[in-house]
Amino acid sequence: MTDINQRLAGKTCIVTGSGGSIGRATALRFAAEGANVVGCDIAVSAAAETVRLVEQAGGSMISVHPLDLTNKDQCERLVAEAVKRFGGVDVLFNNGAMAYFAWIGEMSDDTWYKTINEELNLVFLLTRATWPELVKSRGAIVNTASISAWMGLELLPGLAHSAAKGGVLSLTRHLAMEGRLHGIRANSVSPGTIETNQTRPILEDPVWSKKQLGRAMINRMGQPEEVASVVAFLASSDASYVTGADIRVDGGVLAW
Ligand SMILES: NC(=O)c1ccc[n+]([C@@H]2O[C@H](COP(=O)([O-])OP(=O)(O)OC[C@H]3O[C@@H](n4cnc5c(N)ncnc54)[C@H](O)[C@@H]3O)[C@@H](O)[C@H]2O)c1
């Protein structure tokens, strides 16, 4: 019988952007469920702090930092570290990303390309690097999309961000289709407004905050742990018949 508190026991799980809000919450959640966590982040001290918190909680985690996921060689190095330390990879959580915002009239070429590179290309690069290990383990992929993949947010100049996250969403469906031949499942989560390092400054603006939070049926910001719990479900065998799906973790924004 599956121990529902230890669904990831003995599984090796890569978490990207493990120094960030959702990445850290997920590293802690995966470790609490028995996983060997392999973190990475471009931000050194934040990544190291996540390792400290996981170890303090009694979990197992290594981390490669600084690591830039837009660099193919560094993605390959991350997978090699996971294999060297834990013998393979069972779960890939593509979470780390950086968006740049501008309305179309002010959108520079650089802002557009940077956002596509740092939100979409990095998902492709690490997934390709991890694929042979996921084939061996009949593993699971969870990608972080966004409600921006599904809708335009009135106050957010998110043209490039929406395009990148729409790419993540449809890439996930395609990965599910290719992965079926190898027992690999691929799903995504679409967070709404989650209280994180990237959103906290914007939400301090009262107009923005009222308008944005007013859209949620559950009338508050989500917490990173509320995304992490859904990611852990998708990563685990509790979701063994779920692939090609997107779960919206948005307090109901997209449902009315
Ligand atoms: N916070 C929200 O409301 C919200 C909503 C929808 C989607 N998301 C998505 O959730 C994910 C996590 O974001 P978060 O809110 O926790 O933000 P965050 O800034 O706290 O975490 C993101 C982490 O990714 C790292 N990172 C960025 N680019 C990297 C790169 N090239 N190489 C290595 N590491 C890199 C950052 O250093 C950071 O630690 C992102 O994909 C984001 O788009 C967040």
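Two residues are in contact if their C-beta atoms, placed from the backbone, lie within 7 Å of each other. The views below come from a predicted model, in which local features need pLDDT of at least 70 and side-chain atom pairs count only at pLDDT 80 or more, while totals for chains, interfaces and linings use all residues. Residues are numbered from 1 along each chain as its sequence is written.

**View 1. Val231 and the largest nonpolar core.** Not counting residues up to four places away in sequence, Val231 touches Thr26, Phe93, Val142 and Val189. Val231 is also listed, with Cys13, Ile14, Val37 and Ala235, among the residues that have the most contacts inside the largest nonpolar core, a set of 59 residues. Such a core is made of buried Ala, Val, Leu, Ile, Met, Phe, Trp, Tyr and Cys residues joined through C-beta atoms within 7 Å. A residue is buried if 20 or more other C-beta atoms, placed from the backbone, lie within 10 Å of its own, exposed if there are 12 or fewer, and partly exposed in between. In soluble globular proteins, nonpolar side chains tend to be buried together.

**View 2. The shell around the ligand.** Of the 30 residues around the ligand, those that come nearest are Gly17, Gly20, Gly96, Ala97 and Thr196, where a residue is near if its C-beta atom, placed from the backbone, lies within 6 Å of the molecule. Two or more residues each are given to this shell by helix H1 (21-32) and helix H4 (109-137), and H1 supplies the largest share, three residues. Helices (H or I, at least four residues) and strands (E, at least two) are DSSP runs numbered from the N terminus. By residue class, the shell divides into twelve nonpolar, 15 polar and three charged residues; here Ala, Val, Leu, Ile, Met, Phe, Trp, Tyr, Cys and Pro count as nonpolar, Asp, Glu, Lys and Arg as charged, and the others, Gly among them, as polar.

View 3. Helix H1 is largely enclosed by the rest of the structure, because eleven of its twelve residues are buried. These buried residues include Arg24 and Arg29 as well as Ile22, Leu28 and Phe30. The end C-alpha atoms of H1 are 17 Å apart, which agrees with the 16 Å that its twelve residues should span at 1.5 Å a residue, the expected span being 1.5 Å times one less than the number of residues. Just after H1, Gly34 takes a positive phi of about 100 degrees.

View 4. The 29 residues of H4 reach 40 Å from the first C-alpha to the last, close to the 42 Å expected at 1.5 Å a residue. Arg138, in the loop between H4 and strand E5 (140-144), has a positive phi of about 50 degrees although it is not a glycine. Most residues other than glycine have a negative phi, and most peptide bonds are trans. Arg138 counts as exposed, because it has 12 C-beta neighbours inside 10 Å.

View 5. Val79 lies in helix H3 and is buried, with 23 other C-beta atoms within 10 Å. Although Val79 and Ala129 are 50 residues apart along the chain, their C-alpha atoms are separated by 6.9 Å. Leaving aside residues up to four places away in sequence, Val79 touches Val89, Ala129, Thr130 and Glu133. Val89, in the loop between helix H3 (72-86) and strand E4 (91-94), is buried with 25 other C-beta atoms within 10 Å. Beyond its neighbours within four places in sequence, the contacts of Val89 include Thr12, Ile14, Thr130, Leu134 and Gly139.

View 6. The peptide bond from His65 to Pro66 is cis, with omega near 0 degrees, and Pro66 is found in the loop between strand E3 (60-64) and H3. Val44, in helix H2 (residues 44-56), is in contact with His65 and Pro66 when its neighbours within four places in sequence are left aside. The C-alpha atoms of Val44 and His65 are separated by 5.5 Å, while the two residues are 21 residues apart along the chain. With 13 C-beta neighbours inside 10 Å, Val44 counts as partly exposed.
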